[in-house]
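Dear colleague,

I am passing on the structure below, and my notes on what was found in it follow directly after. Please read them with the model open beside you.

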Amino acid sequence: MNRASAQRHRIYRAVNFAQSGLAQQMNLEQMAGAACLSKFHFVKAFQHYCGETPVQFLWRIRLDRAARSLVFNPENTITKIALDCGFSSSQTFSRAFSRRFGVAPRRLRSDRNFGFSRLPQNLLKRSQNSRLSVSRGKYLWGADDVRIEDRPQYRIAYVRHIGPYWDADGGISAAYHLLERWAQKRGLWSTASYVVGICPNNSDVTPAAHCIYDAGLVVGDEVCEDDTVSIQTIPAGKFAILQAPTAELYAAWNWLGMTWLPASGRTYALDDCYEMIPIVQGQRDRDYVGTEICMRLGPAGGLKY
């Protein structure tokens with residue numbers, strides 16, 4: 001494995017670590033430690049691979065998580081959300097949130113008709129790029145379409161794409177094609193029944209340039225990181241699962257979070273969401289009918305960290 005690949009793996013591990021540990025007041029020193037790099041080298045490498053500094057990244061993902069929690073977990077007070085997401089007070093959080101999104105946290109929470117899609121950044125985004133609004137609402141789902149399942153831990157070999165979701169720039173398809181070529185050389189593709197798309201961000205909250213999508217394959221402990229793939233683990237847990245065609249994934253995620261979740265009385269853990277996409281041998285795209293979207297459910301009464 002070459003030096004650049006080894007460094008990329010270190011940065012990705014730090015990113016994954018930070019996204020799952022915000023309640024612990026994550027800081028630059030902890031992230032650099034997770035990457036086993038000095039702060040100087042870590043900052044330089046992080047900016048190269050992620051397009052922002054570690055401090056900008058931490059500030060952004062705290063606000064991203066807080067925005068999702070305001071909408072999906074209304075049982076948590078604004079103060080609790082602020083503290084859980086690493087802010088020193090609700091006042092500090094409110095000022096930062098208003099600067100970032102152009103709306104106060106209380107407004108986003110109190111008006112269910114406001115929603116993510118009417119945040120100022122999304123009104124601008126959709127007017128500039130209508131391709132991000134893929135769904136036309138052709139599919140209707142009901143409560144009976146959602147399964148609640150305990151899913152096991154998965155060890156995933158993945159190729160990371162950083163950029164717009166819904167394959168707006170072709171990067172997600174390219175990541176899957178690279179993963180397929182890698183897996184075929186090792187005899188892993190012909191025995192696999194599905195690929196896993198790990199999507200930790202909400203594209204209505206996270207700027208398109210910083211959305212992360214990992215095109216992955218479940219592998220055993222014998223598979224190691226190399227010049228093509230990195231390795232991560234999806235923890236076991238309870239998931240709400242909904243089946244949808246690729247062209248309707250935006251509508252499916254939106255319905256699951258905004259319609260089914262409030263009616264179900266359950267909470268959204270905000271972590272480790274993924275898509276399980278059936279492999280059709282010889283088919284080169286991801287336009288499958290049977291994609292499962294998998295939303296991790298949190299414990300009753302609060303966020304999971």
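L256 touches V146, A240, L242, L261, I293 and M295, leaving aside residues up to four places away in sequence, where contact means heavy atoms within 4.5 Å. This leucine has its place in helix α10 (residues 249–264); helices are DSSP runs of H or I with at least four residues, strands are runs of E with at least two, and both are numbered from the N terminus. At 0% relative accessibility L256 counts as buried, a word used here for under 20% relative accessible area, with exposed meaning over 50% and partly exposed in between (1.4 Å probe, protein chains only). From L256 to W141 the C-alpha distance is 8.9 Å, although the two residues are 115 apart in sequence.

Please keep in mind that this is a predicted model, in which local features need pLDDT of at least 70 and side-chain atom pairs count only at pLDDT 80 or more, while totals for chains, interfaces and linings use all residues. Residues are numbered from 1 along each chain as its sequence is written, and side-chain values use heavy atoms, with hydrogens and water left out.

For the protein chain as a whole, the secondary structure comes to ten helices and nine strands. Among contacts between residues at least 6 apart in sequence, 75% join residues at least 24 apart.

Turning to the strands, β2 (residues 154–162) is joined by five bridges to β5, and the two run antiparallel; strands are said to pair if DSSP finds at least two bridges between them. Within this pairing A157 has I231 of β5 as its bridge partner, and Y158 stands opposite S230 in β5. Strand β2 also pairs with β4 (residues 212–218) in the antiparallel sense, over seven bridges, and there V159 stands opposite A215. Both β2 and β5 are mostly covered: seven of the nine residues of β2 are buried, as are four of the five residues of β5 (residues 230–234).

Among the helices, the axes of α1 (residues 3–19) and α3 (residues 39–50) come within 10 Å and cross at roughly 90°, the axes being lines fitted to C-alpha atoms over the stretch in contact, with angles that run from 0 to 180 degrees between N-to-C directions. The two helices are therefore roughly perpendicular to each other, a term that covers 65 to 115 degrees, whereas under 35 counts as roughly parallel, over 145 as roughly antiparallel and the rest as oblique. In this contact A4, Q7, R8, I11, A14 and V15 of α1 meet F42, A45, F46, Y49 and C50 of α3. These residues divide into nine nonpolar, one polar and one charged, with Ala, Val, Leu, Ile, Met, Phe, Trp, Tyr, Cys and Pro taken as nonpolar, Asp, Glu, Lys and Arg as charged, and the others, Gly among them, as polar.

Finally, D271 is found in the loop between β7 (267–268) and β8 (274–278), and is buried, with a relative accessible area of 9%. The C-alpha atoms of D271 and G298 are separated by 9.1 Å, the two residues being 27 apart along the chain.

With best wishes
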